[in-house]
Amino acid sequence: MSRNIPAKASLKISVQEASQQNTIHGKVLFTSYKGRNCAFLIRKDRLTAACVLAETASKIGAVYIGKIKNMAKNIDACFVEISDGEICFLPLKKAVSPYLLNRGYDGRLVEGDTLLVQIERDPQKGKQASVTAHISLSNDYFVVTMGAKHIFYSSKFDKAQREMLHKNSTMLLGEKVVDLNGGLVQNWDSLLSEASKKRLAADNISVKFLPLPSTGCIIRTMAAAKFDSLTTADAAKKKSFPEENLSGNTLSEHFFQLTEQYARLLHTARYRSCFTCLKEAPSAVESVLRGLVSEHEYQEIVTDSQELYEMLSEYNSDAKGIVLENIQENIPESVPESTSENVRKNVTESISENVRKNVMEEECAHNKCKSLRLYQDKMLSLSKLYSIESRMETALGNRVWLKSGGYLIIEPTEALTVIDVNSGKYETNKSNEDTVLAVNLEAAEEVALQLRLRNLSGIIIVDFINMAQETSKNQIMTLLKQLTAKDVVKTTVVDMTALGLVEITRKKTSKPLREQLR
């Protein structure tokens with residue numbers, strides 16, 4: 001007896017889906033992996049970064065009024081309570097110029113002092129969260145921070161760029177802001193614009209008697225790029241940055257907006273009780289995006305896709321996906337090409353249907369998010385379309401194959417991470433030294449990518465294949481430094497030892513990818 005068995009639907013990828021798979025400009029995918037909500041950055045058909053959206057919200061960046069519970073002089077630290085029963089670790093080197101609220105600062109901290117603290121690291125492996133008393137506020141161009149009176153520059157700048165910016169600091173910030181020693185003038189009259197003072201006065205905020213702690217500034221890469229985009233003539237005209245000529249496009253305007261927030265925060269702190277949260281931590285999505293893309297790319301994403309945050313706030317496994325694509329980059333021509341790779345598409349899956357409808361309707365009505373669209377292929381999930389499973393298997397394995405036939409062995413340990421480079425199946429007619437150099441150069445590119453993809457931090461030791469010539473060693477070190485400079489997390493290539501081992505350090509901002517998935 002025959003049965004009528006319906007034919008299976010074809011899974012052939014359409015032309016539109018094939019075009020979606022093109023990742024030459026980069027895409028951020030928000031989708032699920034093994035039951036966890038994750039974000040994946042794919043560029044040029046390579047998975048270059050991944051992150052698990054935490055189930056509990058991170059507090060990194062939040063500012064609290066805390067109370068010192070006890071001092072630990074043997075380790076040069078103290079323990080600060082920021083809420084009922086929540087204790088944080090505060091190294092005294094990060095409390096050189098604290099903002100005390102119960103008394104004037106006399107160079108020492110004692111139990112019972114109330115002060116402003118900012119969370120730098122969430123609790124990990126049984127360790128308490130870490131805080132700093134050097135509060136910092138930032139935007140795309142500057143960071144205003146307590147603890148020093150100097151003007152600092154992004155670690156992305158080389159020595160020549162720092163010297164250039166130092167010579168032109170008055171043109172960046174304005175003559176009244178920079179003192180004779182190249183630091184910030186330490187008074188509110190200089191650190192606030194006339195427009196800021198009027199806004200503060202309208203809100204009954206007086207800075208006349210508001211204590212100003214030691215305050216410094218960090219000039220970020222985007223500020224330098226914006227400055228470089230000005231012609232020499234324009235820069236000369238803006239040398240003094242008179243108040244009447246300030247506009248939303250000038251760098252000094254961005255600086256004064258930040259110092260106004262700073263003044264409001266310090267003023268509010270004096271009228272709030274202990275354990276008050278004065279500044280919330282960034283949203284989970286914002287934290288994830290900042291960990292995946294550069295400042296240039298993040299600025300464009302935030303500008304065009306505020307609605308994305310609202311959609312991601314309500315996950316639902318039965319809902320359809322949202323696609324945010326074709327983000328137009330807006331990077332000054334002076335920015336090096338290496339930093340101008342723009343993330344053009346952000347794709348999200350598992351979004352609340354109700355939230356999706358509201359956003360899509362708002363998009364049609366106001367055209368705020370031109371590149372937002374619905375991903376709704378019932379036969380082919382987002383994970384399948386971009387082969388997330390296979391990509392993640394490679395990212396979590398200890399062996400990474402190179403195109404040449406060589407491979408890396410990556411072994412994390414408790415103290416450090418070891419990466420071993422092997423020639424494997426690589427064959428060539430070139431001399432042995434040329435063969436070794438070719439494999440090592442390819443391995444250096446892969447090492448830089450794997451550090452970011454796996455979110456490895458701390459001490460990393462790379463054992464390249466032994467090279468006899470100093471020129472070959474210098475080529476490897478130069479390439480590694482160039483590649484790691486693009487990392488959104490501070491990475492330092494320290495040196496190559498006498499045994500040919502390359503020492504690298506990478507700042508710890510969150511758990512390694514493998515630990516995030518546990």
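## Cysteines

Cys274 is partly exposed because its relative accessible area is 24%, and Cys277 belongs to this class at 26%. Buried means under 20% relative accessible area, exposed over 50%, and partly exposed in between (1.4 Å probe, protein chains only).

The number of disulfides is zero, where a disulfide is a pair of cysteine sulfur atoms within 2.5 Å.

## Basis of the model

The model is predicted: local features need pLDDT of at least 70, and side-chain atom pairs count only at pLDDT 80 or more, while totals for chains, interfaces and linings use all residues. Residues are numbered from 1 along each chain as its sequence is written, and side-chain values use heavy atoms, with hydrogens and water left out.

## A four-stranded sheet

Four strands form an open sheet in the order E9-E10-E12-E11, with mixed pairing. Its edge strands, E9 (136-138) and E11 (151-153), each pair on one side only. Strands (E, at least two residues) are DSSP runs, numbered from the N terminus, and two of them pair if DSSP finds at least two bridges between them.

Strand E10 (residues 142-146) is joined to strand E12 (residues 215-219) by five bridges in the antiparallel sense. Val144 faces Cys217 of E12 across this pairing. In general, strands of a sheet pair through backbone hydrogen bonds, either parallel or antiparallel.
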